[in-house]
Each structure stands twice: as C-alpha cells, then as structure tokens.
Amino acid sequence: MKSLEIIGFKRANLDSAELKQIREEGNVPCVVYGPAIKEQIHFYSPAILFRDLIYTPDVHMVDLNIEGQKMKAVLKDAQFHPVSEVLMHADFLAFSEDKPIKFEIPVEIVGTSPGVQKGGKLEMKTRKLAVKGLAANLPDRIQVDISGLELGKSFKVGELKVEGFEILTSSNVSVVTIGIPRALRGKKAE
C-alpha cells in the first residue's frame with residue numbers, strides 16, 4: 001500500500017480561538033489516537049500536505065512525524081466546512097504492524113462485460129469495501145473482474161477471492177451490476 005508523510009506540530013490549547021488561528025494560518029488541526037500510542041496527541045499540520053491524501057481515490061498509509069515522534073497511522077475521519085468545503089479537522093488512527101486494522105479499500109473494475117457490449121449500463125453499487133488485516137497485507141485496490149457479467153447480472157462481495165485479509169462488508173452486497181436500459185427492455189418484450 002502507498003505511504004505518505006504528514007509532518008505535524010503539537011498544540012497545547014484546544015480552545016476555539018486557537019483553532020481559528022491555526023486554520024487562518026493555513027493549517028489543519030488534527031488528533032491521533034489508537035492502540036499503538038499511550039495517549040492521544042493533538043497537533044496541527046499544513047493543509048497542503050493533505051492534498052495527496054484526501055483528494056484522491058487512492059488509499060494511503062500515513063507516516064506521521066509529530067516533532068520527531070514517528071508513527072504509522074491511517075486517516076480515520078476528515079471534517080470539511082459545510083459551505084466552502086475547506087478541510088477543518090482530521091483524525092488519525094495509529095496502528096502497530098503486528099495487529100490487524102480495519103480499513104476501507106477502493107474497488108477497481110477490470111475486464112469487459114458482455115452485457116455492456118450488448119448495450120447494458122455498468123452500475124457501481126459499492127466503491128469501497130471494509131476490510132480487516134495486517135497493514136502489510138492490505139492492497140491498494142480490490143479488483144473485480146466483470147468479464148463474465150451479462151445483462152441484468154450482479155457481482156457480489158461473496159464472489160471475491162482474497163488472501164491475507166478479511167472482507168468485512170456483507171457477502172450479499174452487490175459491487176457492480178449490469179443494468180438493462182429501457183430501450184433494451186422494450187426489445188426483449190417484442
């Protein structure tokens with residue numbers, strides 16, 4: 001899995017006046033917590049460092065460097081301003097390499113569906129799957145091969161074959177469906 005470094009600086013005051021000042025200076029208030037550290041750490045980081053972490057479909061492990069204290073983490077939550085959509089806050093979960101973590105991995109569609117070639121519509125039902133496993137075993141993406149999907153058929157999570165990690169998303173959830181457009185439905189009835 002891809003890795004990205006975020007450099008942070010500890011913050012002592014947690015009041016709203018300091019948070020406002022941190023944001024005005026182009027920084028993002030953050031917190032890191034989890035079983036890999038003794039107590040949560042409140043820090044801030046330049047907003048520009050989050051561009052490759054948040055505004056991408058890819059998933060990254062984060063190498064946090066908070067004033068020389070280094071740890072591995074994943075982004076658990078990001079909060080945005082409701083109007084301007086500016087990043088307001090980020091939560092990180094610190095983990096250790098020897099314990100499994102829960103994470104969401106994006107789905108990648110591969111292959112060409114015979115149903116799409118006949119005029120069907122490819123409908124993505126799920127873009128990310130919840131998984132659990134060691135960080136070293138988690139892939140960048142989970143590939144779904146649609147080369148066998150005909151019109152009206154779906155590919156379900158239970159059909160995926162993976163090794164090294166467990167998929168937590170229900171096996172009955174559809175990942176992708178080949179929809180039948182109205183024009184084709186009318187032709188079938190005739």
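Where does UniProt place the feature "domain: Large ribosomal subunit protein bL25 beta"? The unreviewed entry puts this feature at residues 101–182. UniProt positions follow the numbering used here, feature names are shortened, and annotations may be inferred rather than shown by experiment. This is a predicted model, in which local features need pLDDT of at least 70 and side-chain atom pairs count only at pLDDT 80 or more, while totals for chains, interfaces and linings use all residues. Residues are numbered from 1 along each chain as its sequence is written, and side-chain values use heavy atoms, with hydrogens and water left out.

**View 1**
Domain 1 gives 9 residues to the contact, and domain 2 gives 9 residues. Contact means heavy atoms within 4.5 Å.

**View 1. The two UniProt segments.**
Residues 10–92 carry the UniProt feature "domain: Large ribosomal subunit protein bL25 L25", again from an unreviewed entry. Over this stretch the chain is 16% helix and 47% strand, with end C-alpha atoms 14 Å apart. Residues 101–182 are 6% helix and 44% strand, and their end C-alpha atoms are 44 Å apart. Helices (H or I, at least four residues) and strands (E, at least two) are DSSP runs, numbered from the N terminus.

Strand β4 (residues 60–66) holds Asn-65. β4 pairs with strand β5 (residues 69–80) in the antiparallel sense over 5 bridges; two strands pair if DSSP finds at least two bridges between them. Val-62 stands opposite Ala-73 in β5. The β4–β5 hairpin has 2 residues between its strands, and Glu-67 in the turn has a positive phi of about 50°. β5 also runs antiparallel to strand β6 (residues 87–94), joined by 7 bridges. Gln-79 has His-89 in β6 as its bridge partner. This second hairpin, of β5 and β6, has 6 residues between the strands, and Glu-85 takes a positive phi near 60°.

**View 2. Asn-65 and its contacts.**
Asn-65 is buried, at a relative accessible area of 14%. Buried means under 20% relative accessible area, exposed over 50%, partly exposed in between (1.4 Å probe, protein chains only). Not counting residues up to four places away in sequence, Asn-65 touches Glu-5, Ile-6, Ile-7, Gly-8 and Lys-70.

**View 3. The open sheet β10-β7-β9-β12.**
These 4 strands form an open sheet in that order, with mixed pairing. β10 (142–145) and β12 (165–167) stand at the edges with a single partner strand each, so one side of each has no neighbour in the sheet. The twist averages 40° from one strand to the next; axes are lines fitted to C-alpha atoms, and angles run from 0 to 180 degrees between N-to-C directions. Strand β7 (residues 101–110) runs parallel to β10, joined by 4 bridges. Glu-108 has Gln-143 in β10 as its bridge partner.

**View 4. The nonpolar cores.**
The largest nonpolar core has 27 residues, of which Val-131, Leu-138 and Val-144 touch the most other members. A nonpolar core is a set of buried Ala, Val, Leu, Ile, Met, Phe, Trp, Tyr and Cys residues joined through side-chain atoms within 4.5 Å. β7 gives the largest share, 4 residues. Domain 1 and domain 2 both give residues to this core, so it lies between them. Another core, of 20 residues, lies apart from it and includes Val-32, Ile-41, Leu-87 and Phe-92.

Notes:
Domains from an automatic or database assignment.
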